[in-house]
Amino acid sequence: MKKIWIGTSWKMTKDKRAAQAWASAVTPALIESEDTIQAFVIPPFPYISQVAESFSNLPILIGAQNMGWQDQGAFTGEVSPLMVKECGASVVEIGHSERRAMFGETDETVNLKVRAALKHGLTPLVCVGDTAQEKKWGVSIESVVRQVKIALFGVESHQLAQVIIAYEPVWAIGEQGTPATNEEAEWVHLAIRQALQQQYGQACANDMTLVCGGSVNLDNAEGLLAQPNIDGVFVGRSAWQAEGYAELLSIALRQRSK
Ligand code: PEP
C-alpha cells in the first residue's frame with residue numbers, strides 16, 4: 001500500500017532557532033507515523049543543512065524550494081542540483097505558483113528543472129495549478145494537464161516513480177485563498193491521473209504520487225485524504241507550527257486506519 005505523503009514548505013518564514021524548535025517538536029509524531037506516512041519538509045535554502053542534520057536518521061525527507069537546472073557556472077544567485085543534494089535535500093519543489101507569478105518561472109523552465117532533478121537523483125515535487133480566471137473560463141483541467149505534460153516532457157516511464165505532482169489551485173493558495181472542496185480537488189487529481197495513464201500506462205499512473213495543496217488545514221485534510229486519487233497533502237500555513245504538522249500526521253494516521 002502507498003504511504004500517505006504529508007509535507008510542508010516554510011516558504012520565506014522562520015529563523016534558525018524556529019527551524020530547530022519545529023524539528024524537535026515534530027520528532028515524536030514522525031516516529032509514531034513512519035510506517036504509514038512519508039513526511040517531508042522544505043525549509044528556506046540557508047536552513048536546509050541544519051534541518052537535514054536535526055532530522056538525520058528520522059523518517060522525513062528534506063527539500064529545497066527551487067533550484068537552477070545547470071550543474072555549475074556563471075549563474076549568479078542560482079543553486080544547482082548538486083548543491084541542493086550536498087546540503088542534504090532529496091526533494092526539490094519546482095514551479096510553485098509564487099515562482100511562476102513573481103519570478104518568471106515558465107512551463108519550459110519547470111521541465112528543465114524536473115529533468116535536472118531526475119538526472120541528479122533528486123525527487124522533483126512539481127507544482128501545478130489553475131488560476132481563478134481559468135477556473136471561471138472552465139479550462140482548469142486543460143490548464144493543469146498541459147502544465148503536467150510539459151513538466152514531464154522527456155521524462156521516461158521508469159523515472160515517474162521518482163516524481164511527485166502537487167495540484168495546488170492558485171485560487172486556493174495563501175491568506176486570500178479559498179480551499180478546494182473534496183470534489184473539486186478529486187476531479188482535477190483524477191484528470192491528472194488519466195492524462196498520465198494515457199501517456200505512460202495504467203501501472204505507472206497508479207503508482208505515481210499526487211498530492212493536494214492550497215489552504216489545506218486541520219479541518220479539510222481528512223476529507224481530501226479520503227479521495228481516491230489524492231495520495232497526500234502539501235501544506236503551507238497550517239503546518240508552520242509544529243503542533244499543526246503533528247496534527248496533520250495524526251489525521252493521516254486516522255484516515256489510514258479507517
Ligand atoms: C502553498 O503555497 O504551496 C501552500 C500550500 O500554502 P497554504 O497552505 O498556506 O495555502
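Let's start with C204: at 21% relative accessibility, C204 counts as partly exposed, because the buried class stops under 20%. Keep in mind that this is a predicted model. C212 is another story: with 2% relative accessibility, C212 counts as buried.

So what about disulfides? A disulfide, in general, is a covalent bond joining the sulfur atoms of two cysteines. For C212, the closest cysteine sulfur belongs to C127, and that one sits 12 Å away, which is too far for a bond. The cut-off here is 2.5 Å between the sulfurs. And the overall count? Zero disulfides.

Okay, on to the ligand. Which residues surround it?

Let me pick out a few contacts to ligand oxygen atoms. K11 brings a polar side-chain atom to 2.4 Å from an oxygen of the ligand. R237 also uses its side chain, with a polar atom 2.6 Å from a ligand oxygen. With S215, it's the backbone: a polar backbone atom lies 2.8 Å from an oxygen atom of the ligand. And how much of the ligand does the protein cover? On its own the ligand has 290 Å² of accessible area, and the protein covers 98% of that.

Last topic, the aromatic rings. W10 is in the loop between β1 (4-9) and α1 (16-33), while W22 is in helix α1, so the pair ties together parts twelve residues apart in sequence.

Are these two tryptophans buried or exposed? W10 is buried, at 0% relative accessibility, and W22 is buried too, at 2%.

W22 has another partner, F55. Here the centres are 6.2 Å apart and the planes at 90°, so that's edge-to-face as well. F55 sits in the loop between α2 (48-54) and β3 (60-64), so with W22 in helix α1, this pair ties together parts that are 33 residues apart in sequence. F55 itself is buried, with a relative accessible area of 2%.

Technical notes. Residues numbered from 1 in each chain as written. Predicted model: local features only at pLDDT ≥ 70, side-chain atom pairs only at ≥ 80, totals over all residues. Heavy atoms only, no water. Buried < 20%, exposed > 50% of the residue type's maximum accessible area, 1.4 Å probe, protein only. Polar contact = N/O pair within 3.5 Å; in protein donor to acceptor, adjacent residues only side chain to side chain. Areas by Shrake-Rupley, 256 points an atom, 1.4 Å probe, with all protein chains shown as cover. Helix = DSSP H or I, 4+ residues; strand = E, 2+ residues; numbered from the N terminus. Phe/Tyr/Trp six-rings, centres within 6.5 Å; stacked < 30°, edge-to-face > 60°.
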